[in-house]
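Visitor: I'm new here, so could you walk me through how the aromatic rings sit in this one?
Guide: Happy to! Let's have a look together.

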Amino acid sequence: MKNGKCNGGATAELPEIKFTKLFINGQFLDAASGKTFETIDPRNGEVIAKIAAGDKEDVDLAVNAARHAFDHGPWPRMTGFERARIINKYTDLIEQNIEELAALDAVDGGKLFQMGKIGDIPAAAGHFRYYAGAADKIHGETLRMTRPSLFGYTLKEPIGVVGHIIPWNFPSIMFAMKVAPALAAGCTMVVKPAEQTPLSALFYAHLSKEAGFPDGVINVVTGFGSTAGAAIASHMDIDKVSFTGSTDVGRKIMQAAATSNLKKVSLELGGKSPLLIFDDADVNKAAELALLGCFYNKGEICVASSRVFIQEGIYDKVVEKMLEKAKEWTVGDPFDSSSRQGPQVDKKQYEKVLSYIEHGKNEGATLLTGGNTIGDKGYYIEPTIFADVTEDMKIYKEEIFGPVMSLMKFKTIEEGIKCANNTKYGLAAGIVSQNIDVINTVSRSIKAGVIWVNCYFAFDLDSPYGGYKMSGNCRESGMDALDSYLQVKSIAMPLHNSPWM
Amino acid sequence: MAARRVSSLLSRSFSAASPVLSRSQGRNGYNGSRMVRRFGTSSAAEEIISPSVQVSYTKLLIDGNFVDAASGKTFPTLDPRTGEVIANVAEGDAEDINRAVKAARKAFDEGPWPKMTAYERSRIMLRFADLVEKHSEELAALETWDNGKTYEQAKTAEIPMLARLFRYYAGWADKIHGLTVPADGNYHVQTLHEPIGVAGQIIPWNFPLLMFAWKVGPALACGNTIVLKTAEQTPLTAFYVGKLFLEAGLPPGVLNIVSGFGATAGASLASHMDVDKLAFTGSTDTGKVILGLAANSNLKPVTLELGGKSPFIVFEDADIDKAVELAHFALFFNQGQCCCAGSRTYVHERVYDEFVEKAKARALKRVVGDPFKKGIEQGPQIDSKQFEKVMKYIRSGVESNATLECGGGQVGDKGYFIQPTVFSNVKDDMLIAQDEIFGPVQSILKFSDVDEVIRRANNTRYGLAAGVFTKNIDTANRVSRALKAGTVWVNCFDVFDAAIPFGGYKMSGNGREKGIYSLNNYLQVKAVVTPLNNPAWI
């Protein structure tokens, strides 16, 4: 069965590409080697621009700038409020450039232009505004010392120079989610965007200059993970590295940190998130959430609900409704506002997703819909749903990062919980039910950092987000994210003749 | 509006025309020749400077509109430089408070404000802060005109702080967290921090816009609606910023502003059955009345920020020059009209004489004059009543045999200017050491050891603030903990950041304003408890 609609892939004009060089110490520079790499339009595989290929030498230069800005510059010495003023100005500038930023992410990452305008870029701006408001609300504590005649307090100090390595699936939001709290905390940083999507990060770099950040506070080094990324992870002068990406690369980052200077590591990694649909669920809503949860952003989202467990009493109805709705899930050019799904980000991912579809077929899962490519250029794949998936299949266990859903049936609440937790990952989970007891029990039982009840992707600026198990070790968003960028210093001193202890 | 005619405001030889108001007559005080001291007055101030601002808003702000009082009555607000009328302002009374509460009630119960996302509320508050900055000159001029504080202070410190405070609270709006709470059994427990409802706020005249910010900022961030009563001495700037809030997108009825008198408008707000919370800043006596009205009406929770008699303690190891300057600032700042004024200056006996000498010299240099003029450090007291009260305390100081080192008299013969006044050899039992004077009168007392000064500093019904001057960390830590006061400034004074909580022990009030603590005043805490079946953990 041919699934979904294709709107033919109308092509919009490319936005003008203004920034292609590394941004170090307030200047756009070529890579020291002079090398460049191509960033590709996933709609057609054509080259959009040649981007400076940063490597170790460039990372060194950027770290030097960040180090200087931290050790001697004004940034950590400003009041939180002064930092907030600059971050707010930055936010205003981002809001003034929503259209252009959304276009860059759309052409570079195959992301829906319309969603960029109403979702990704405003959310990125929101992160900056939120943390601007947090910059003057970082409190240490005065302590209740247990030893007599001692007074103690804690200071929350900026951790120093931070390396941020960000992925290609949400270039703008990931940039903001990492950069904004680090800025609020008073850190300086080197950001390495993904080689697939370097364009918006360089545009954010340009805006940072305009906003008035002191030179060296934000540096952006474009390049590859094995070169620039590795140089950041193993750098002796970086105090903390924050990485979002695959679990495999996360492991390498942690190893590099361990064998260099034991820098602190924040990892936000892969997932195989369950969506549990219980018998009492609203069928229409459940079907909608399942599709959205798995196919949003072409399935290129670490919290995708790629394992959908449906209680047996409602299974047939939900599947039927889902297949009906899948037909309306239009795949096409991300600049076309009727598209709900653009192309996969690059050839490699495209082929990887197709290979998982083959595995699904070969391992005996039932292909209910989709499974094919769309069109003859670019990296479009049909929304694909497999039923009768079992726990030993590759498509059940591994993160596909594409529009491929696995459907399973379960009987009892206990079984549902057991299935949900039957994974090495623990990033997110969804529950669809009206029963308060079911919701409370299941919410506490699932080993995942985020539980969405009767909703999905309910990300919020104020809501921390991160993984259990091999999905990572940190929390981003909300006030909890600040802790990743702060050192806690305890200060103790004798106290004589205090009237109370 | 009275003409701003040529007037030698500060010249003692000038014989003014009859004062505009009879209540400025009969002032004698210690301005006779025996009290004359040469203060650094603004000798060039031959002319009263005309403020470069129009008074555009003089009516009550209710439900998004500027309206006359129901009675049609008005009252004059006066220029403390001259006692002349600046403008006639709508005189709100019980009926107007009722109207305002009704609007606030509706905006809370039905309106968009508490139902908006916190992020959207914060955006409106940020837009307001931008507008304050855009209009900072008009606001500063209006504040100086109505209050008599120096324009420089209003322009460079208070208006920026007004914007800064709203940015601070805007940042809180989307970070107000309840808790999930551990239970002793199989229960899921969460606390919701809900807006408390309609907040009644009564603000004083000494820092009209800053007090506006301390009260309105947290109330709005938490999602409440407000009826604010301004002081009858200084009604003008609140209306102006009320207008700016409407421009920033604040829905009608969220912030209602009623000008009027305490005994009428204030009392009806405090006793209103439909007001959920009350916040008051002002004198301890009025605070008692307010608390009584709340108790006799609907038991609304009350935050009080009241008077003070704050000690400023200088130890022998302190940097004396710095301590003198800060002690001077701590007392004389804002014409001495600060609830946290360092009005009991305790100085260690070994440095006492040097300190008194230098404190007197500093006071003599203080430049008094038209607050619009550049370089002026001290303007007039707010009104004739306060002027008379301060002069009465100066007489009391002299009569109780404190040594008048300098000052003691009026400056000029028009408006409410008072010479910077310093008393030494002040004893704890003198009235000037016990009562809040709220004027430019410094009392310097002598002490000999730490225990003694802690005991004496705490021997007051007030407990608002304190200053501690020492280089010794042990002394600083010990005294900081021993003083019963809501704020202790060590080697500094009057440091008022947005995030630093402020409030009183004892009869200086209850509750804390500013900082994260201020949010509690405007939130109800609701515990929601649900049983858990087979929880994975407890």
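Guide: First, a handy rule: a charge sits over a ring if NZ of Lys or CZ of Arg is within 6 Å of the ring centre and within 35 degrees of the ring normal. Keep in mind that this is a predicted model.

Visitor: How far from the ring centre of A:Y485 is A:K240?
Guide: A:K240 lies over the face of A:Y485. The rule asks for a distance within 6 Å. For A:K240, the distance to the ring centre is 5.3 Å.

Visitor: And which residue lies over the face of B:Y393?
Guide: Here the distance from the ring centre is 4.8 Å. The residue over the face of B:Y393 is B:K392.

Visitor: Are the rings of B:F312 and B:F469 stacked or edge-to-face?
Guide: A search of the whole structure turns up 47 aromatic pairs over all chains. In the pair B:F312 and B:F469, the ring centres are 4.5 Å apart. Planes under 30 degrees apart count as stacked. These two planes are at 20°, so the pair is stacked.

Visitor: How many residues apart in sequence are the parts that this pair ties together?
Guide: B:F312 belongs to strand β12 of chain B, while B:F469 belongs to strand β17 of chain B. Both residues are buried. Because they sit in those two strands, the pair ties together parts whose separation in sequence is 157 residues.

Methods
Residues are numbered from 1 along each chain as its sequence is written. Chains are lettered from A and ligands numbered from 1 in the order in which they are written. This is a predicted model: local features need pLDDT of at least 70, side-chain atom pairs count only at pLDDT 80 or more; totals for chains, interfaces and linings use all residues. Side-chain values use heavy atoms; hydrogens and water are left out. Rings of Phe, Tyr and Trp (its six-membered ring) pair if their centres lie within 6.5 Å; planes under 30 degrees apart count as stacked, over 60 as edge-to-face and the rest as tilted. Helices (H or I, at least four residues) and strands (E, at least two) are DSSP runs, numbered from the N terminus. Buried means under 20% relative accessible area, exposed over 50%, partly exposed in between (1.4 Å probe, protein chains only).
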